[in-house]
Amino acid sequence: MLNLFGSRVAAEPEFISELRAVETEDRLRRSTAAMLEAAGLEICDTNTPTEFAAAATVAVMRLVLKVAERDFDSLSVENRFVTGLFGFLIAHNLTRRTNADLGVVLGIAGLDLFSHEEIEQIYKLGSSYRRLRQHRNMHLALKDIIDSFLSHPDEETLSDLSGVYQLCLHQDG
């Protein structure tokens, strides 16, 4: 890899990347523990960054649902899809932070949120995410709110995340 002036940039050793992923996992666990516990949720113990990213995606999405006073199982098909798309955005952010495998994280988190009968929804989320990225301003706004929460999880950033989630929901469901 070349830097700005054309000289070689040394790649980061793999163990440094792994240490960063572990540090990120520890920080996220510590900073979200009280909020998750108050909502009766937790991020289960995991062995790999990919397992952590999947478990954290589901826990954060369930936390947002609780704050929004919504039950995933009683949401309309459209709102379940919106919830899945938010989960996709959260998973994307978490995999970037932990060097996890996005495809595996989406599969695990999707199976945890959706029933086996709705498995095709997981595949539709990918194409919807690509379409969302074409609407750059909206994508960046959602990404920034999620990033803000994951960087500094507190009541204010959770409220912002939940508020934007609720704005995206179809009003009938």
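Which helices do the buried residues of α7 pack against? They pack against α1 (14-38), α2, α3 and α6, where buried means under 20% relative accessible area, exposed over 50% and partly exposed in between (1.4 Å probe, protein chains only). This is a predicted model, in which local features need pLDDT of at least 70 and side-chain atom pairs count only at pLDDT 80 or more, while totals for chains, interfaces and linings use all residues. Residues are numbered from 1 along each chain as its sequence is written, and side-chain values use heavy atoms, with hydrogens and water left out.

**The chain as a whole**

- The protein chain has seven helices and zero strands; helices (H or I, at least four residues) and strands (E, at least two) are DSSP runs, numbered from the N terminus.
- Along the sequence, the pattern reads α-α-α-α-α-α-α.
- Of the 173 residues in the protein chain, 43% are buried.
- Among contacts with a separation of 6 or more, 66% are between residues 24 or more positions apart; a contact means heavy atoms within 4.5 Å.
- The protein chain exposes about 10,100 Å², and carbon and sulfur atoms supply 54% of that area. Accessible areas come from the Shrake-Rupley method with a 1.4 Å probe, and for residues only the protein chains shown count as cover.

**A look at helix α7**

- Helix α7 has 14 residues and reaches 20 Å from its first C-alpha to its last, close to the 20 Å expected at 1.5 Å a residue. That expected span is 1.5 Å times one less than the number of residues.
- The buried residues in α7 are T157, L158, L161, S162, V164 and Y165.
- Viewed down the axis of α7, these buried residues fall within an arc of 160°, so they line one face of the helix. The arc is that of the directions from the helix axis to the C-beta atoms.
- On the face turned away from the buried side, α7 carries the exposed residues E155, E156 and L167.
- T157, found in helix α7, has a relative accessible area of 10% and is therefore buried.
- Setting aside neighbours within four places in sequence, T157 is in contact with S148, F149 and H152.

**Salt bridges**

- Side chains of opposite charge can pair when their charged atoms come close.
- The structure holds five salt bridges; in each, a side-chain nitrogen of Lys or Arg is within 4 Å of a carboxyl oxygen of Asp or Glu.
- One of them joins R80 and D73, with the closest N and O atoms 3.9 Å apart. R80 is buried at a relative accessible area of 10%, whereas D73 is exposed at 62%.
- R96 and D147 also meet in a salt bridge, at 3.3 Å from N to O. R96 lies in helix α3 (residues 77-98) and D147 in helix α6 (residues 136-151), so this pair ties together parts that are 51 residues apart in sequence.
- R96 is partly exposed, with 47% relative accessibility, and D147 is partly exposed too, with a relative accessible area of 26%.
- D147 has a salt bridge with R97 as well, the closest N and O atoms being 2.6 Å apart. With R97 in helix α3 and D147 in helix α6, the pair ties together parts that are 50 residues apart in sequence.
- R97 is buried, at a relative accessible area of 14%. Through shared partners, salt bridges join R96, R97 and D147 into one network.

**Aromatic pairs**

- There are two aromatic pairs in the structure. Rings of Phe, Tyr and Trp (its six-membered ring) pair if their centres lie within 6.5 Å; planes under 30 degrees apart count as stacked, over 60 as edge-to-face and the rest as tilted.
- The rings of F72 and F114 have centres 5.5 Å apart and planes at 80°, so this pair is edge-to-face. F72 lies in the loop between α2 (49-67) and α3, and F114 in the loop between α4 (102-113) and α5 (119-134), so the pair ties together parts that are 42 residues apart in sequence.
- F72 is buried at 8% relative accessibility, and F114 is buried with a relative accessible area of 4%.
- The rings of F86 and Y165 have centres 5.4 Å apart and planes at 85°, so this pair is edge-to-face. The pair links distant parts of the chain, with F86 in helix α3 and Y165 in helix α7 (residues 155-168), 79 residues apart.
- F86 and Y165 are both buried.
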